[in-house]
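Please read the points below with the model open beside you. They are short notes for a first look.

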Amino acid sequence: MSQRKQNIKNLNTEKEGIVILRTLVDGFMVPDKEQRLYLYNILDVDYKKYSRSIDGVIIHVPTFEEIKSKKDFTLVEIKTTNSKSVTELPYGVFFGFTQNEEDLFKKLDNYRLCIVHTGLKKHILLTYKEYESLICNKRIQYQINFRSKD
């Protein structure tokens, strides 16, 4: 499968994961740019650097407008799987994670890695400590972008 086709497949699977989370998790939402800026400002996080390091947020107050501090929300990075060999989350899950995603995860206590099994329609939210304890293999992969032709 070409890299582009795999990226499109991953995006569609992530969208499916978002739909599942909306049904399973009270207060889950996908923030727009202004909402992300607001949340990152509360957390004193560099928006430019980490703008793509979360997929959603779980709000712990009745409405987004009522968020005043970091205890009012949890940032969520979603990874999805539909693997038949994964029968209990998070065991056996394979996914990609950027350095920025991991750095933010390590830095913030209100950030969760969310694994969604789109076939089982189940999810699990992991803390950084739980994530670290589950890793059996980790390797670095570079993403390369060539410059545009002048």
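1. Y47 has 18% relative accessibility in this predicted model. Buried means under 20%, so Y47 counts as buried. Y40, at 1% relative accessibility, counts as buried too.

2. The whole structure holds 9 aromatic pairs. One of them joins Y40 and Y47 edge-to-face, with 5.6 Å centre to centre and 65° between the planes. Planes over 60 degrees apart count as edge-to-face, which is why the label applies here.

3. Other rings come together in one aromatic cluster, formed by F95, F97, F105, Y111, Y128 and Y131.

4. Where is S53 placed? S53 sits in the loop between helix 3 (47-50) and strand 2. At 2% relative accessibility, S53 counts as buried. Beyond its neighbours within four places in sequence, S53 is in contact with Y40, E77, N100, E101, L104 and Y111.

5. The sheet is open and has 5 strands in the order 1-2-3-4-5, with mixed pairing. Strand 1 (28-29) and strand 5 (122-126) are the edge strands, each pairing on one side only.

6. Within the sheet, strand 2 (residues 56-59) and strand 3 (residues 73-81) are antiparallel and pair over 4 bridges. V57 has L75 of strand 3 standing opposite. Helix 4 (residues 99-107) packs on the sheet and touches strand 3, strand 4 (111-117) and strand 5. The direction of helix 4 makes about 125° with that of strand 4.

7. Helix 2 (residues 33-43) lies across strand 1, strand 2 and strand 3. Helix 2 runs at about 120° to strand 3.

Key: Residues numbered from 1 in each chain as written. Predicted model: local features only at pLDDT ≥ 70, side-chain atom pairs only at ≥ 80, totals over all residues. Heavy atoms only, no water. Pairing = 2+ DSSP bridges. Helix = DSSP H or I, 4+ residues; strand = E, 2+ residues; numbered from the N terminus. Contact = heavy atoms within 4.5 Å. Axes fitted to C-alpha atoms, helices over the stretch in contact; angles between N-to-C directions. Buried < 20%, exposed > 50% of the residue type's maximum accessible area, 1.4 Å probe, protein only. Phe/Tyr/Trp six-rings, centres within 6.5 Å; stacked < 30°, edge-to-face > 60°.
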